[in-house]
Amino acid sequence: VEGGLDALMLRYNIAHARAARRLSFAACEKCRVPVIAFTTTRWNALQEGRTDWDGNVPSTGDCLSYALEKGTPVEIVLHSARDERELEEAMEGLRWMGSEEVGMWKKYGDLHWNDDGFDEYPEEMEMSLENILL
């Protein structure tokens, strides 16, 4: 795979991170391929909150910042703001997150999100890095 890809565009967000962290990121790092993340707000569902979550809900800036977390191969995040206010919120909210905040959003992402059909595919959990790099 090395030298065959300039970048990998990957659906990656707070609620869709397990397979990326377990498979895609490892493969990209091994092959030195940067990641372009998209749908980081999960079609704005992450900011709507959940009845099974007592904490704050992420802002658009939180979602983008989570995707750009240090230690991942994500170098670019694509975001299509719905309006000028959302664009300003996203830009003002961008920052490097500390490990405590990243941990909080990981817990939020670990909630059951598949009730809307946009969760990870079950077969991703059965794949191995060795099979991907063949």
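Across which strands does helix H1 lie? Helix H1, residues 18–31, lies across S1, S2 and S3. Keep in mind while browsing these close-ups that the model is predicted.

**View 1. Meet the sheet: S1, S2 and S3 side by side.** Here 3 strands make an open sheet, and their order is S1-S2-S3, with parallel pairing. S1 (8–11) and S3 sit at the edges with a single partner strand each, so one side of each has no neighbour in the sheet. Going from one strand to the next, the twist averages 35°. If sheets are new to you, strands of a sheet pair through backbone hydrogen bonds, either parallel or antiparallel.

**View 2. Zooming in on S1 and S2.** These strands run parallel, and 4 bridges join them. To find your way around, look for Leu10: its bridge partner in S2 is Ala37. The chain gets from S1 to S2 by way of H1, and this β-α-β crossover is right-handed.

**View 3. Helix H1 laid over the strands.** Now bring H1 back into the picture, with residues 18–31 lying across S1, S2 and S3. Relative to S1, the helix runs at about 170°.

**View 4. The other pairing, S2 with S3.** Strand S2 covers residues 35–38 and strand S3 covers residues 74–77; they pair in the parallel sense over 3 bridges. Two pairs of residues make handy landmarks here. Val35 has Val74 as its bridge partner in S3, and Ala37 has Val77.

**View 5. Where helices H2 and H3 cross.** H2 is made up of residues 60–67, and H3 of residues 84–93. Their axes come within 7 Å and cross at roughly 50°, which means that H2 is oblique to H3. The crossing of these two helices is right-handed.

**View 6. The residues that meet between H2 and H3.** On the H2 side, look for Thr60, Gly61, Leu64 and Ser65. Facing them in H3 are the residues they meet: Glu86, Glu89, Ala90 and Gly93. Sorted by type, the residues of this contact come out as 2 nonpolar, 4 polar and 2 charged.

Terms used
Residues are numbered from 1 along each chain as its sequence is written. This is a predicted model: local features need pLDDT of at least 70, side-chain atom pairs count only at pLDDT 80 or more; totals for chains, interfaces and linings use all residues. Side-chain values use heavy atoms; hydrogens and water are left out. Axes are lines fitted to C-alpha atoms, for helices over the stretch in contact, and angles run from 0 to 180 degrees between N-to-C directions. Angles under 35 degrees count as roughly parallel, over 145 as roughly antiparallel, 65 to 115 as roughly perpendicular and the rest as oblique. A crossing is left-handed if the near helix is turned anticlockwise from the far one by less than a right angle, and right-handed if clockwise. Contact means heavy atoms within 4.5 Å. Ala, Val, Leu, Ile, Met, Phe, Trp, Tyr, Cys and Pro count as nonpolar, Asp, Glu, Lys and Arg as charged, and the others, Gly among them, as polar. Two strands pair if DSSP finds at least two bridges between them. A crossover is right-handed if, with the strands pointing away from the viewer, the path from the first strand over the helix to the second runs clockwise.
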